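Open the model in your viewer and keep the selection tool ready. This tour goes from one stop to the next.

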Amino acid sequence: MSLSAEQLLALIELGPIRDLDLSGGQYSGLKFDGLRADGLNLRGADLSACDLSDAVLVDCQFQGARLSGAALSRAHFERCDFSGADLSAASLDDGWWLQCNLSQVQASQALMHGVTWQHCDLRGLRLPEQIGPALWMDCEAAGLQAVAAQWFQVQVRRTSLAHAHLAQGRFEQCAFEHCDLERADLSQIVAPFLSLAYSTLDGACLDGARLEGAIFNYARLPQASARGARLAQARLGHTHAQGLCLSGACLEYADVSYARLQGADLSSAQAKGMRVHGADLHQVCWDGCDKQDLQGDDIPRLQAERWRADARWTLSAL
């Protein structure tokens, strides 16, 4: 049976608590000053508007709990399960979450300044419209819904965002590196200088996206679509982009050196000054493409890069 609010506060005064069944408890508006706890069962509990700032909670259960309007600033959560919980309008500022389950969590209008998620399950998480600064590492966020969101200084690494819906979003000083964005919807995003280096974007949609100066180096883009995208001065070096559709895109002064663009569609694209040194351009469609000042292979550079020492010149042969 759950403790009353008075009993719980009295117990906390004695020091760290552990292995308590508080499921379904009514703790709305309570201030848990620097709570230290391990193994709490708070399934279905009402913690709305409570203060858990600076708390350290390990192996706790919050499934279906109500934490709307709660203060979780600077809190540390490790191996905690929040699946199905309500975190709407909660403050998560500067919090650190390790190996936590946040699947199907409602976090609309939450404050997420400086939050770090590492090895967390974020599938079905409903995010607020404004996010960042934030750091996500090694998380599972396939199918994430964040249409028309505004992200600022969000760094995402080694995270699955396959089939994510990020269309019409604005991404400023953001990076999705070594991420899985297979078949993600990034259409009409505004993301100058966005880094997608080493990420997988097989079949992704970037139609109409504003990606001036974006970094795609070593990314995978086979069968992706970037119709009408603005990729001026973007870097696509060493990308695997077989069948990439760039019809009507702006690629002025973009660098696609060593990219694999076999069968890509650049019809009606603007490719003025684009660098294609060492790129594989077999069966590329150039119909109506503006290739003015296209910078092709630098032959001396290619020769130098392909040079290999003769085996007869090794020390063992001397």
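**Stop 1: the second largest cavity.** This is a predicted model. Begin at the second largest cavity, which holds about 50 Å³ of space. Select Leu 206, Leu 211, Phe 216, Leu 221, Ala 226, Leu 231, Leu 236 and Leu 244, and you have its lining. What kinds of residue make up this lining? Eight are nonpolar, with no polar and no charged residues.

**Stop 2: the largest cavity.** Now move to the largest cavity, with about 80 Å³ of space. Its lining includes Leu 8, Ile 12, Ile 17, Leu 22, Tyr 27 and Phe 32.

**Stop 3: the nonpolar core.** In soluble globular proteins, nonpolar side chains tend to be buried together. The largest nonpolar core here has 104 residues. Select Leu 67, Trp 97, Trp 117 and Trp 151, which touch the most other members. Next, color α1 (5-12), β6 (115-118), β8 (134-137) and β10 (154-157), the elements that give two or more residues to this core. Which element gives the most? It is α1, with three residues.

Zoom in on Leu 67. Leaving aside residues up to four places away in sequence, Leu 67 touches, among others, Leu 47, Leu 52 and Phe 62. Other contacts of Leu 67 include Ser 48, Asp 86 and Ser 88.

**Stop 4: the salt bridges.** Side chains of opposite charge can pair when their charged atoms come close. The structure holds 12 salt bridges.

- Select Asp 121 and Arg 123. Their side chains meet in a salt bridge, 2.8 Å from N to O.
- Select Arg 210 and Glu 212. The closest N and O atoms of this salt bridge are 3.8 Å apart. Arg 210 is partly exposed, at 37% relative accessibility. Glu 212 is buried, at 18%.
- Select Glu 78 and Arg 79. In their salt bridge the closest N and O atoms are 3.0 Å apart. Arg 79 is partly exposed, at 36%.

Conventions: Residues numbered from 1 in each chain as written. Predicted model: local features only at pLDDT ≥ 70, side-chain atom pairs only at ≥ 80, totals over all residues. Heavy atoms only, no water. Core = buried A, V, L, I, M, F, W, Y, C linked by side-chain atoms within 4.5 Å. Buried < 20%, exposed > 50% of the residue type's maximum accessible area, 1.4 Å probe, protein only. Helix = DSSP H or I, 4+ residues; strand = E, 2+ residues; numbered from the N terminus. Contact = heavy atoms within 4.5 Å. Salt bridge = Lys/Arg side-chain N within 4 Å of Asp/Glu carboxyl O. 1 Å grid on protein atoms, 1.4 Å probe; cavity = no way out; pocket = protein on both sides within 12 Å on 5 of 7 lines; lining within 4 Å. Points joined across faces, edges and corners; volume = space filled by probe spheres on them. Nonpolar A, V, L, I, M, F, W, Y, C, P; charged D, E, K, R; others polar.
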